[in-house]
Amino acid sequence: MKKPGIIKGVQIDEQDLFNKACDTGHEVNERDPRKELEAVITVVWFKRDLRIYDHRPLAEAVTKGSVLPLFVFEPSVWEAGDVSVRHKDFVMESLQELDEQLSKRGARLYTAIGEMTDILQELVLHLGPFRLHAHEENGTPNTFRRDIAVRSWMKGKGFPMKEWPHFGVTRGLKTRDAFQKGYEAYVSGELTPAPERMDSRSGQLPACLKQGVQEPLTLKIPGEGIQTGQKGGERAAHGTLRSFLDARYKGYQLKISKPYASADSCSRLSPYLAWGNVSVRYTYQETVKAIQQSASGFEQQQLSAFLSRLHWHCHFIQRIEDEPEIVTRTMNPAFDTIRQDWDEQAYQAWLQGKTGIPLIDAAMRCLHETGWLNFRSRAMVLSFVCNTLMLDWRRPSVDLARLFLDYEPGIHYSQVQMQAGTTGFNTIRIYNPVKQGQDHDAKGAFVRRFVPELRTVPDAFIQEPWKLPAGLPDGYPSPIVDVAKANGEARRILWSLKQSPEAREAAGAQLNKHGSRKESRRRSTKKPRQDFEQLDLFS
Ligand SMILES: Cc1cc2nc3c(=O)[nH]c(=O)nc-3n(C[C@H](O)[C@H](O)[C@H](O)COP(=O)(O)OP(=O)(O)OC[C@H]3O[C@@H](n4cnc5c(N)ncnc54)[C@H](O)[C@@H]3O)c2cc1C
């Protein structure tokens, strides 16, 4: 039977309160005084929020008494195929630092391997009732279902659970029109300092929980680590932000499309935002401060361009929050009538960076080695596999997810579908990698760095080595496709499909559900400046 509870003098239905809290992702039984007495410890469940600064679930747990910081390597998440060894390594580095930070404050991090509900089941046997604090995860259907299972488990036990929004994303958003308000409230919200001291008395804990960080050796995590690139952790995240806001931002717009130079002039915050080593809110507020302090209009322009990306970050994550199925379902089903054939040989050539087209090969090999690519190169490799080669977007989306160290499902699957042209409401862009190379890597520095077979090719041929009078260098293949011809055909197919009544109808519905409400930008007829070409790709 449902029991009534009292909140601020108003009689309420406890079950109702719980359900509302689950729906909107906020308080669950939190203010029930009886439960407050029973639950002596708060389990803080770390997921993609591996930090202590601006971490509300942790800070609020500390005010309530003992805390048990917990990270769980779940087989259903880590063996699902979209996350890989490089993500695990980054998470391990982040967890090591998190444990150090917690230790300094009187607590320790606990790690476990297993499904979260099984771990909770073990915990209750040792702890009795406990509270659970976490950030909302705006992820794939897989993690979405996992979170529902956890909420339902807590609800079944009648234990209090509280979740906080992690980004400027609103759970249960009724209409896209309301997104902006939620975003602004989030980014301008108060920052939460890291707790100074923590009480972590927890009594005896189940054997599945290990104090400190344990390697998830029993899990079969696919993929490979990075060879050179970014390391996880809150300290590295803050250092990266600082170095960007102090100096690196000055080349932001100028170099954003250059595959090589952008590695230094872009913020490089993406893996830290994706794994939560730094919050979007903190990043936003530090950038606003830097804009206020910057001396020239030029500097302000660079920083404002960066700030707009933080908005896009949340814009796209709102999309997966509203419709997690975009991970596997084509946003505009009319586009499922094409790309019916599969060419495994061409696909493997693309994936391994052996297409015979220098910029594509350099980008894919860079990704294997470092886990990062600038936006334009990502758009180009995706366009190549889905448009030039006319292959379905689903497999490349998962293979790229495994390779991007900053894999963030909301951004990733939206961008994949946009670049493959399957939303139906974005401009169809099909890149010519030879022209991209001539425009953005004219001397071939990027190509030479990642495709050693081409190191000695003269600048004039670096993007088209098949035109070398002496023939291709040893070990480098001929192009697997005539790009100009294939792109022409792709353009014809995609544009005619985009204009069909079925595609237009579905596109209208999708635009209404997910499109940006920044009308003035989208409808602008002015030729975009180089940096703002990305805006075309964004709606
Ligand atoms: C096919 C494809 C897949 C992508 N997958 C991911 C992904 O899994 N994770 C990811 O973080 N980004 C993804 N992006 C977006 C973008 O390429 C990266 O965010 C950016 O290159 C990361 O480098 P940075 O942090 O130096 O970016 P900066 O230019 O410094 O931008 C700062 C932050 O803004 C956000 N951001 C930047 N560009 C975009 C964008 N176009 N859309 C949404 N948010 C943006 C990111 O959080 C980024 O860290 C993808 C783009 C494409 C075309």
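This is a predicted model: local features need pLDDT of at least 70, side-chain atom pairs count only at pLDDT 80 or more; totals for chains, interfaces and linings use all residues.
Select the 28 residues around the ligand. Cys266, Ser267, Ser270, Arg309 and His412 come nearest.

Now colour that shell by class. It holds 15 nonpolar, 8 polar and 5 charged residues.

Which helices supply at least two residues of the shell each? Select helix 12 (270-274), helix 14 (297-322), helix 17 (375-388) and helix 19 (409-419). Keep helix 14 highlighted. Helix 14 gives the largest share of the shell, 6 residues.

**Zoom out to the domains**

Colour three ranges: domain 1 (4-164), domain 2 (234-322) and domain 3 (326-536). Next, look at where domain 1 meets domain 2. Domain 1 puts 13 residues into this contact, and domain 2 puts in 14 residues. On the domain 1 side, the touching residues divide into 5 nonpolar, 3 polar and 5 charged.

Go back to the ligand. Why does its shell lie between domain 2 and domain 3? Both domains give residues to the shell, so the shell lies between them.

**Two annotated residues**

Is Tyr252 buried or exposed? Tyr252 has 22 C-beta neighbours inside 10 Å, so it counts as buried; the cut-off is 20 or more. Show its contacts beyond four places in sequence: Ser265, Cys266, Gln302, Ala305 and Phe306.

Move to Phe306. Its place is in helix 14. Phe306 is buried too, because 23 other C-beta atoms lie within 10 Å. Leaving aside neighbours within four places in sequence, Phe306 is in contact with Tyr249, Tyr252, Ser267 and Thr287.

**Last stop: Ile226**

Select Ile226. It lies in the loop between strand 9 (210-211) and helix 9 (234-246). How many other C-beta atoms lie within 10 Å of Ile226? There are 20, so Ile226 is buried. Not counting residues up to four places away in sequence, Ile226 touches Arg86, Glu369, Thr370, Gly371 and Leu405.

Finish with a distance. Pick the C-alpha atoms of Ile226 and Leu273. The two residues are 47 residues apart along the chain, and these atoms are separated by 18 Å.

Definitions and conventions: Residues are numbered from 1 along each chain as its sequence is written. A residue is near a molecule or strand if its C-beta atom, placed from the backbone, lies within 6 Å of it. Helices (H or I, at least four residues) and strands (E, at least two) are DSSP runs, numbered from the N terminus. Ala, Val, Leu, Ile, Met, Phe, Trp, Tyr, Cys and Pro count as nonpolar, Asp, Glu, Lys and Arg as charged, and the others, Gly among them, as polar. Domain bounds come from an automatic or database domain assignment. Two residues are in contact if their C-beta atoms, placed from the backbone, lie within 7 Å. A residue is buried if 20 or more other C-beta atoms lie within 10 Å of its own, exposed if 12 or fewer, and partly exposed in between; C-beta atoms are placed from the backbone.
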